Amino acid sequence: MEAPDVLLIGSGIMSSTLAVMLKRLDPWLRLQVIEVAPSLASEASDGWNNAGTGHAGVCEISYTPHRDASGRVPVARALRIFEQFEHSKQFWGGLAVAGVIGDPTDFIHPVPHLCFVQGQENVDFLRARHEAMTAHHFFRGMNLTTDRVAIEHTTPLVMEGRAPGPVAATEGAGTEVNYGLLARRLCAWLADQDGCSVATGWKVERLRRRNGRWQVRLRHVASREVREQSTGFVFVGAGGGSLRLLQSTGLPEVAGLAGFPIGGQWLVCDDPAICSRHTAKVYGATPPSAPSLGAGHLDVRWLDGQKRLLFGPYASWTTRFLKHSGSWLDLPRSLRLHNLPSMLHTAVRNWSLVQYLISQGLQTMEQRLEALRAYYPQARLEDWRLVHAGIRVQTLKRSDRGEVSFGTEVFSPADRSLAVLLGASPGASVSVNIALDVIRSCRPEMLSTSAGQDRMRQMIPTFDQDLTRDDNATLFARTSREAEERLHLTTASCCSV
Ligand SMILES: Cc1cc2nc3c(=O)[nH]c(=O)nc-3n(C[C@H](O)[C@H](O)[C@H](O)COP(=O)(O)OP(=O)(O)OC[C@H]3O[C@@H](n4cnc5c(N)ncnc54)[C@H](O)[C@@H]3O)c2cc1C
């Protein structure tokens, strides 16, 4: 396409979400999506490459990790993520009704989100967490029990064969999402729109600012043909490929920025007799030896039309920034004199993380099974196989002074002609909010008129409301119910698969 208004790099959940949101805000926009792989959304967004959790703060202890000085558990982060996931559900629900993404039950399922702990200290913490969370209207429906029989009834695999001792679980409504399938549906709709195109097999090699526009150099992977495209606005949603593209811009803000890849692995069980006995996502307390990224969880998934169980992710060593389109040279090629101090500073300050990654990479299958048995005591090695998950490229910045935050952030230069998504978590669940933030900061004119705001309200009814406020509890209840009805999350159809 000649000189699109917006060029989006990558066809994962981030670019596809932003592209559809932009097009529905302004039907005249000319949009081009460029994907290096031969197929769409085959990297981190693909169903096999992430855990498919609709992160809403219900079961993830890492969003509420500590008590404050008064002994209460602060829940602000869980509330923020919950609200952002509400935006996602509203957006997807609206697109389902509009016929953009087909049948939502293909990619989203209602699944209880459980947090399970054992040991008196963890039980006490979970009780305090439950008390703090249920004080807010978002989490009012969350149940807590310390009754082993009740937990076994909900999640038998977790309790059968478990040693005696105090245990507790909270259960709240949650979802399992195939973000790859969703991204492919979004791209398919986009490719059908006037003025839009989605190209696969083209690699963006370089971005340069010239005469107030971005010149984008593309190379066809198969034929090696090179093309230049010019555009007013670029969104770099290239996942692990984003850092190197940002480095190619030569922008001064990039100084000190480094990326460190962390691979992932799952144990997968396909046996229908075992899979039929587990229909939940079960998270737990992060062991003291593991950072928040390391906490495994036992998840029911629907992948390639089959119900399966996945446990993990385990961290693995890699120097690739992308699972399929990457090279082992990615990490060394990203090193510059200006970002070496960020890397070294992080390694020194996070020695326990480095040790954790080394130990994860050296694990045997028996050790992996041991970690799984914390969630499924009677697990047998022969029922599980090891597969590779996606790669997260952890961004390291000079200004972080060696501290690692596993968040996601959008980088933009002062003129807002470019937005680059960096970071790891909570990722796909908050893709709708990320797209909204990109529009707010880089294309504010699209929301400055009442017509623009109305169009956004049709997509995300509460985009300009604060649902965490007590006086918005009724609004939350109404919009949440409406989104869930549109996505068929109120029926329990998934459990019969
Ligand atoms: C192990 C693991 C578990 C996770 N679990 C969850 C979870 O449970 N819930 C959740 O919400 N999130 C989860 N995430 C995070 C989530 O998967 C990511 O945040 C999200 O998929 C990122 O989407 P993306 O579109 O930015 O990247 P991607 O899906 O990686 O898409 C980037 C695309 O850009 C393409 N590309 C790269 N470079 C170029 C180039 N130069 N030219 C053209 N195309 C290019 C790639 O081929 C790729 O298709 C998990 C991630 C991992 C690794």
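This is a short tour of the structure above, stop by stop, with something to select at each one.

Before you start, note that this is a predicted model: local features need pLDDT of at least 70, side-chain atom pairs count only at pLDDT 80 or more, and totals for chains, interfaces and linings use all residues. Residues are numbered from 1 along each chain as its sequence is written.

**Stop 1: the ligand**

Select the ligand and its surroundings. The shell holds 42 residues, and Gly10, Gly12, Gly239, Gly241 and Gly427 are the closest. Here a residue is near a molecule or strand if its C-beta atom, placed from the backbone, lies within 6 Å of it. Two or more residues of this shell come from each of α1 (13-25), β2 (31-35) and β9 (202-210). Helices (H or I, at least four residues) and strands (E, at least two) are DSSP runs, numbered from the N terminus. The element that gives the most to the shell is α1, with three residues. By class, the shell has 19 nonpolar, 19 polar and four charged residues. Ala, Val, Leu, Ile, Met, Phe, Trp, Tyr, Cys and Pro count as nonpolar, Asp, Glu, Lys and Arg as charged, and the others, Gly among them, as polar.

**Stop 2: from α1 to α13**

Axes are lines fitted to C-alpha atoms, for helices over the stretch in contact, and angles run from 0 to 180 degrees between N-to-C directions. Show the side chains next: Ile13, Met14, Thr17, Leu18 and Met21 in α1 meet Ser431, Val432, Ile434, Ala435, Val438 and Ile439 in α13. Contact means that the C-beta atoms, placed from the backbone, lie within 7 Å. This contact has nine nonpolar, two polar and no charged residues.

**Stop 3: a six-stranded sheet**

Now select β8, β2, β1, β12, β20 and β19, which in that order form an open sheet with mixed pairing. Two strands pair if DSSP finds at least two bridges between them. At the edges stand β8 (196-200) and β19 (408-411), each with a single partner strand, so one side of each has no neighbour in the sheet. Zoom in on strands β1 (residues 6-9) and β12 (residues 233-236), which run parallel and are joined by four bridges. Leu7 has Val234 in β12 as its bridge partner.

**Stop 4: a three-stranded sheet**

Return to β9 and select it with β10 and β11: these make an open sheet in the order β9-β10-β11, with antiparallel pairing. Its edge strands, β9 and β11, each pair on one side only. Eight bridges link β9 and β10, with Arg208 opposite Gln215 in β10. Gln215 also stands opposite Ser230 in β11. Between β10 and β11, a hairpin, there are five residues, and Arg224 in the turn has a positive phi of about 70°.

**Last stop: α2 and α15**

Finish with helix α2 (residues 76-97) and helix α15 (residues 473-486), which pack at an angle of about 45° with their axes 8 Å apart. Residues to show here include Glu86 and Lys89 in α2, and Glu482 and Arg486 in α15. The contact of α2 with α15 has three nonpolar, four polar and five charged residues.

Methods: Contact = placed C-beta atoms within 7 Å.
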